[in-house]
Amino acid sequence: MRSLIDILDFSVDELQELIDTANDIIAHPESYSERCRGRKLATLFFEPSTRTRLSFEAAMYELGGNVIGFAEAKSSSAAKGESVADTARVISCYADIIAMRHPKEGAPLVAAMNASIPVINAGDGGHNHPTQTLADLLTIYREKGRLDHLTVGFCGDLKFGRTVHSLINALSRYEGIKVVLISPEELKLPSYVKKDVLAANNIPYVQTTDLESVMPELDILYMTRVQRERFFNEEDYLRLKDSYILTPERLWNAKEDLSILHPLPRVNEISVAIDDDPRACYFKQVLYGKYMRMALILKLLKEAGRI
Amino acid sequence: MNIDSIQNGIVIDHITAGQGMRLYDLLGLEKLDCSVAIIKNVVSGKMGKKDIIKIDSGIHVNFDVIGYVDPGATVNIIRDGKLVEKRTIDMPETLTNVIFCKNPRCITSTEQELKHVVKLTDRKNKVYRCLYCETKAN
């Protein structure tokens, strides 16, 4: 059974297929409005995430399908001690496809190993968040017209930021990608990502704590939030949360066609004064995320023979 | 030093010097009540120094553990005092319930019945990672 647990589960050609489908949905939404009639998506969210959950639900509704599920662990059987494996087996009897978010890393993989329907990883702790990466890829593609030959800056929490790890993984398979890593010392990209992904794929990268000095090089600036829930120690969170705040003044030396992305939600790392700047793409990114989730649901249901 | 030859059992040879005790632990050899010898820092023409483990029993040994700890080690099967089989052990693609993930954020930390599986992700550098959370295992 085909699932999406890690962005690398899909080939570059398959990612392009999803992008093409999403673009077609954007152009002709009416021809997709009944594609999932009678099919059910189960959103199993063991950790709250309103935005991702609603994106999945909106995606399924716009395909003409239905949605069942829960929004937090305490309203699920996990509160009674049920294992992820058993939950996946049970939900397979009710739904056609699962979108799962879980605070523990690897939980969606366990679900996929036990479910008889496709499983989509909607975020597992600090590990992977492949559908956010799908949103990021479509945004970059629509803004730049390509996914290769780009200089991509990642700024903020690069240590715990799973969206950063997933996007770096995805971009590592395209030609001519250069990566710029901007973070405080304590939140640097883990060495295994640098070694196993960047170095292993001969992706040139630089690390810096100074956003201003690298700004002119960037085609894409991917901002991230310092996430309170990833810290064991509140003091560390408070010390690091305001490390990088993007303001209009800080864009003085940026390219005219820079694209600013953010997986959202933001706290204060992008000033609201930037929202009206044509380079701000983070709200378009949310919209594109829904279209990519629609494309993904269609692909997985089709491969499972359910549509 | 004199270690008796074994009649029926296993000799794990060409172990990288210093890895003998780790292999002894991971193979669970402390649970055996037969004779087990760990010979450390044996002079070797090819390796300079090596460790050897001799097990005086025809027990089943998990070859994957040997391949995980020290690929290139050789296993000699002895029957009636004679060498009947000699094999070099390669790295296994996966290893189950031998290495336990220590990442507190991993699903294995809360779901006790899950098998702990590590998979080979980088053969050149002998890197294994947890199947679930991808934390480096070695």
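This is a predicted model: local features need pLDDT of at least 70, side-chain atom pairs count only at pLDDT 80 or more; totals for chains, interfaces and linings use all residues.
**Chain A, domains**

Domain 1 covers 7–128 plus 286–303, and domain 2 covers 130–285. I took the two centres over C-alpha atoms and got a separation of 25 Å.

Next I looked up the contact between these domains. Domain 1 of chain A puts in 32 residues, and domain 2 of chain A puts in 28. Together the two domains bury about 2600 Å², with 59% of that on carbon and sulfur atoms.

How many salt bridges cross between domain 1 and domain 2 of chain A? I found 0. Polar contacts gave another count: 17 residue pairs, both residues at pLDDT 80 or more.

I then asked which elements of domain 1 of chain A give two or more residues to the side that touches domain 2. They are helix H1 (12–27), H2, strand S4 (119–124) and helix H10 (282–303). I sorted that side of domain 1 by class and noted 17 nonpolar, 10 polar and 5 charged residues.

**Chain A, an aromatic pair**

I counted aromatic pairs over all chains and found 4. I wrote down the one formed by Phe46(A) and Phe70(A). Their ring centres are 5.1 Å apart and their planes make an angle of 85°. That angle is over 60 degrees, so the pair counts as edge-to-face.

**Chain B, domains**

I moved to chain B. Its domain 1 is 9–88 and its domain 2 is 94–130. The centres, again over C-alpha atoms, are 24 Å apart. The contact takes 6 residues from each of the two domains of chain B.

The area buried between domain 1 and domain 2 of chain B is about 560 Å², and 78% of it falls on carbon and sulfur atoms. On the domain 1 side, I checked which residues lose the most area to domain 2. They are Leu26(B), Tyr68(B) and Pro71(B), which together make up 70% of what that side buries.

I looked for salt bridges between the two domains of chain B and got 0. Helix H2 (residues 63–69) of chain B gives the most to the domain 1 side, with 3 residues. By class, that side has 4 nonpolar residues, 1 polar and 1 charged.

**Chain B against chain A**

Last, I turned to the two chains. I counted 15 residues of chain B in contact with 21 residues of chain A. The chains bury about 1400 Å² between them, and carbon and sulfur atoms give 51% of it.

The salt-bridge count between the chains is 1. I located a salt bridge between the side chains of Arg129(B) and Asp196(A), at 2.4 Å from N to O. Polar contacts between chain B and chain A come to 9 residue pairs, both residues at pLDDT 80 or more. The side of chain B that touches chain A divides into 7 nonpolar, 3 polar and 5 charged residues.

Key
Residues are numbered from 1 along each chain as its sequence is written. Chains are lettered from A and ligands numbered from 1 in the order in which they are written. Side-chain values use heavy atoms; hydrogens and water are left out. Domain bounds come from an automatic or database domain assignment. Contact means heavy atoms within 4.5 Å. Buried area is the accessible area (1.4 Å probe) that two parts lose on being put together, summed over both. A salt bridge is a side-chain nitrogen of Lys or Arg within 4 Å of a carboxyl oxygen of Asp or Glu. Helices (H or I, at least four residues) and strands (E, at least two) are DSSP runs, numbered from the N terminus. Ala, Val, Leu, Ile, Met, Phe, Trp, Tyr, Cys and Pro count as nonpolar, Asp, Glu, Lys and Arg as charged, and the others, Gly among them, as polar. A polar contact is a pair of N or O atoms within 3.5 Å; within protein, one must be able to donate a hydrogen and the other to accept it, and residues adjacent in sequence count only if both atoms are side-chain atoms. Rings of Phe, Tyr and Trp (its six-membered ring) pair if their centres lie within 6.5 Å; planes under 30 degrees apart count as stacked, over 60 as edge-to-face and the rest as tilted.
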